[in-house]
Amino acid sequence: MPSPMPSVRSMLLTWAGMLALLALIAASDYLPLGRYLPWVQFAAAAAIVVLLTFFWMNLASATAAVRIAAFAAIFFLFVLSLLSFNDFLTRPVDLAPFHALPGAPAPR
Amino acid sequence: MSTPDAQLGIPPAAQLAAEQPPAKQFGTRSNQDEATEFGMWVFLATELMFFGALLLGYAYGRHLDPAGFAEASRHTDLVIGTANTAILLCSALTMSLAIRAAQRLERGALMSFLAVSALLGLLFLALKGYEYHDDIDEGLVPWADFRITGIHRGAAAMFYFLYYALTALHALHLCIAIIVVLVYLVRLRGAAVAPFRQQITVAALYWHFVDGMWVLLYTLIYVASPRS
């Protein structure tokens with residue numbers, strides 16, 4: 001059973017929205033956003049990915065099994081990253097030779 | 001623009017689709033289509049894990065020395081990176097239009113949109129190759145004569161190692177996607193659209209995954225530091 005496809009008009013609107021978000025990401029590099037810069041950029045990138053997956057990959061109208069597979073991927077990536085960081089961020093860092101340059105930032 | 005199957009002497013599409021029996025392990029054609037789509041999503045989940053290991057490395061490196069990653073990011077070519085992202089978003093549109101044409105059994109439109117998608121993919125690869133050439137010329141290869149010096153040299157080297165690994169892995173995926181599209185273009189010559197409808201829809205999922213992954217890479221690599 002083919003998934004229902006959006007109309008050409010809605011496809012073009014989605015595409016225009018994606019390009020506008022891309023322009024926002026590129027322009028944000030030149031705006032004085034300070035520490036909010038990465039958050040603005042990641043929010044815009046995430047919005048593009050959401051538009052892509054929900055509307056053009058039809059996740060919005062997919063079966064429950066497909067949605068579970070998609071969200072399980074993100075969930076387990078999050079869990080694996082959390083477990084890895086639990087190790088990496090809580091043990092002392094052994095300096096590699098290139099880190100031992102005079103004045104190099106101290107390991108956290 | 002499109003040539004209906006009937007004009008090629010091919011039976012009406014709906015009839016042809018109805019005549020296609022499902023594989024023996026499926027009760028109906030609909031079951032088979034759902035299983036195909038589900039299988040592709042599970043495959044894409046494993047692909048996300050594949051990229052995930054490198055993305056984790058990136059997050060760790062950026063956490064260790066954010067200033068070093070920011071300095072290295074300023075050496076990337078924002079214009080080419082942005083143009084390439086726009087090209088892939090355009091290819092995502094043409095691929096979606098190709099799926100629409102496939103579901104409406106418009107073979108002319110389908111073949112045109114698939115061809116445009118493949119060309120946009122090739123344009124992306126050409127620009128990426130040009131960018132690699134520039135990077136090498138500018139001494140931005142961490143395992144060769146690396147140009148960035150100073151206290152952030154180590155982090156910058158780690159950034160560029162991840163840059164090459166992530167973008168090359170992405171380019172490999174895009175090559176595979178382009179080959180898949182070209183294969184369908186060849187197989188569709190003089191053939192009915194109906195038997196390929198679900199296959200093309202599933203192939204487009206892979207194409208969109210490659211597009212989405214690039215948007216994330218673009219944000220991590222090209223705009224990781226303010227240029228103002």
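1. Start with helix α2(B). Its buried residues are D33(B), E37(B), M40(B), W41(B), L44(B), Y58(B), G61(B) and R62(B). Keep in mind that this is a predicted model.

2. What do these buried residues pack against? Within chain B, the partners are α3 (66-73), α6 (153-187) and α7 (197-221). Chain A also takes part, through its α3.

3. Now the helix itself. In chain B, α2 covers residues 29-64, 36 residues in total. From first C-alpha to last it reaches 53 Å. That is close to the 52 Å expected at 1.5 Å a residue. Still, α2(B) has a kink of about 30°. The kink is centred on G52(B).

4. Chain A comes next. It has three helices and zero strands. Along the sequence the pattern reads α-α-α. Of its 108 residues, 23% are buried.

5. Look at N58(A). It sits in the loop between α2 (37-56) and α3 (64-88) of chain A. Its phi is positive, about 60°, and N58(A) is not a glycine. Most residues other than glycine have a negative phi. Is N58(A) buried or exposed? N58(A) is buried, because 22 other C-beta atoms lie within 10 Å and the cut-off is 20 or more.

6. L105(B) lies in the loop between α4 (78-103) and α5 (107-137). L105(B) is not a glycine, yet its phi is positive at about 60°. L105(B) has 22 C-beta neighbours inside 10 Å, so it counts as buried.

Definitions and conventions
Residues numbered from 1 in each chain as written. Chains lettered and ligands numbered in written order. Predicted model: local features only at pLDDT ≥ 70, side-chain atom pairs only at ≥ 80, totals over all residues. Helix = DSSP H or I, 4+ residues; strand = E, 2+ residues; numbered from the N terminus. Buried ≥ 20, exposed ≤ 12 C-beta atoms within 10 Å, placed from the backbone. Expected span 1.5 Å × (residues − 1). Bend = angle between axes of the 7 residues up to and from the residue. Contact = placed C-beta atoms within 7 Å.
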